[in-house]
Amino acid sequence: MPLTTEQLRAAFGELSGQRGDVLIEFVGAHACRVRNAMLLPAEGDNVLKLTDGNREYLVDAERVAWIEIGTATSPLAEKS
(Lines give C-alpha, C1' and ligand atoms only; values in the text may rest on other atoms or scores of the structure.)
Protein backbone atom coordinates (compact mmCIF):
# COMPACT_ATOMS: atom_id res chain seq x y z
CA MET A 1 0.00 0.00 0.00
CA PRO A 2 1.62 3.27 -1.07
CA LEU A 3 1.97 6.15 1.35
CA THR A 4 0.08 9.36 0.86
CA THR A 5 1.69 12.77 1.11
CA GLU A 6 -0.25 13.36 4.34
CA GLN A 7 1.01 10.11 5.90
CA LEU A 8 4.58 10.90 4.95
CA ARG A 9 4.25 14.48 6.25
CA ALA A 10 2.98 13.05 9.57
CA ALA A 11 6.00 10.71 9.72
CA PHE A 12 8.34 13.64 9.13
CA GLY A 13 6.67 15.29 12.13
CA GLU A 14 9.42 13.41 14.02
CA LEU A 15 11.70 16.29 13.03
CA SER A 16 9.45 18.64 15.07
CA GLY A 17 10.51 21.69 13.08
CA GLN A 18 14.19 20.88 13.66
CA ARG A 19 16.85 19.66 11.26
CA GLY A 20 17.88 16.02 11.07
CA ASP A 21 19.33 13.50 8.66
CA VAL A 22 16.82 11.60 6.53
CA LEU A 23 17.29 8.44 4.48
CA ILE A 24 14.50 7.67 2.01
CA GLU A 25 14.40 4.34 0.19
CA PHE A 26 12.29 4.41 -2.98
CA VAL A 27 10.62 1.50 -4.75
CA GLY A 28 12.53 0.85 -7.98
CA ALA A 29 14.95 3.76 -7.53
CA HIS A 30 18.08 4.79 -5.64
CA ALA A 31 17.92 5.82 -2.02
CA CYS A 32 18.19 9.50 -1.14
CA ARG A 33 20.00 10.77 1.95
CA VAL A 34 19.39 14.37 2.99
CA ARG A 35 21.65 15.74 5.70
CA ASN A 36 20.33 18.53 7.93
CA ALA A 37 16.88 18.06 6.40
CA MET A 38 13.95 20.20 7.39
CA LEU A 39 10.37 19.67 6.27
CA LEU A 40 9.05 22.65 4.33
CA PRO A 41 5.51 23.87 5.13
CA ALA A 42 2.71 22.45 3.01
CA GLU A 43 1.82 24.39 -0.11
CA GLY A 44 -1.17 24.13 -2.41
CA ASP A 45 0.65 21.73 -4.76
CA ASN A 46 0.33 18.74 -2.35
CA VAL A 47 4.03 17.86 -2.82
CA LEU A 48 6.18 16.95 0.17
CA LYS A 49 9.36 19.01 0.16
CA LEU A 50 12.52 18.79 2.27
CA THR A 51 15.42 21.22 2.30
CA ASP A 52 18.99 20.97 3.49
CA GLY A 53 19.36 24.75 3.35
CA ASN A 54 20.92 24.67 -0.12
CA ARG A 55 18.52 22.55 -2.17
CA GLU A 56 14.88 21.49 -2.11
CA TYR A 57 14.01 17.81 -2.44
CA LEU A 58 10.55 16.91 -3.79
CA VAL A 59 9.42 13.50 -2.53
CA ASP A 60 7.00 11.27 -4.45
CA ALA A 61 5.22 9.76 -1.44
CA GLU A 62 3.71 6.89 -3.43
CA ARG A 63 7.19 5.59 -4.37
CA VAL A 64 8.61 5.61 -0.83
CA ALA A 65 9.33 2.11 0.47
CA TRP A 66 10.61 3.27 3.87
CA ILE A 67 12.26 6.18 5.62
CA GLU A 68 14.74 6.57 8.44
CA ILE A 69 14.81 9.82 10.37
CA GLY A 70 17.70 10.86 12.57
CA THR A 71 17.44 13.75 15.00
CA ALA A 72 20.04 15.60 17.07
CA THR A 73 19.36 13.25 20.00
CA SER A 74 19.10 10.13 17.82
CA PRO A 75 21.27 10.51 14.69
CA LEU A 76 21.39 8.10 11.76
CA ALA A 77 24.22 5.60 11.85
CA GLU A 78 26.98 6.18 9.32
CA LYS A 79 27.25 3.47 6.68
CA SER A 80 30.66 1.87 6.45
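I began at Asn36, which sits in strand E2, a run covering residues 32-39. I kept in mind that this is a predicted model.

**Entry: backbone angles**

I looked up the phi of Asn36 and found a value near 55°, positive in a residue that is not glycine. I noted this because most residues other than glycine have a negative phi. I then checked how open Asn36 is. Its relative accessible area is 46%, so I put Asn36 down as partly exposed.

I found another such angle at Asn46, where phi is near 60°, again positive in a residue other than glycine. I placed Asn46 in the loop between E2 and strand E3, the latter being residues 48-51. Relative accessibility is 47% for Asn46, and I therefore wrote it down as partly exposed.

**Entry: salt bridges**

I asked how many salt bridges the structure holds. The total came to four. I followed up some of them.

I looked at Glu43 and found it bridged to Lys49, with 2.6 Å between the closest N and O atoms. Asp45 also forms a salt bridge with Lys49, and here the closest N and O atoms are 2.7 Å apart. I recorded Glu43, Asp45 and Lys49 as linked in a network of salt bridges.

For Glu43 the relative accessible area is 48%, and I logged Glu43 as partly exposed. Asp45 is partly exposed too, at 38% relative accessibility.

I also looked up a salt bridge between Arg55 and Asp52, whose closest N and O atoms are 3.2 Å apart.

**Entry: Val27 and its contacts**

I moved on to Val27, which I found in the loop between strand E1, residues 20-26, and E2. I checked what Val27 touches, setting aside neighbours within four places in sequence. The residues in contact with Val27 are then Arg63, Val64 and Ala65.

How many residues apart along the chain are Val27 and Ala65? I counted 38, while their C-alpha atoms are separated by 5.4 Å.

Terms used: Residues numbered from 1 in each chain as written. Predicted model: local features only at pLDDT ≥ 70, side-chain atom pairs only at ≥ 80, totals over all residues. Heavy atoms only, no water. Helix = DSSP H or I, 4+ residues; strand = E, 2+ residues; numbered from the N terminus. Buried < 20%, exposed > 50% of the residue type's maximum accessible area, 1.4 Å probe, protein only. Contact = heavy atoms within 4.5 Å. Salt bridge = Lys/Arg side-chain N within 4 Å of Asp/Glu carboxyl O.
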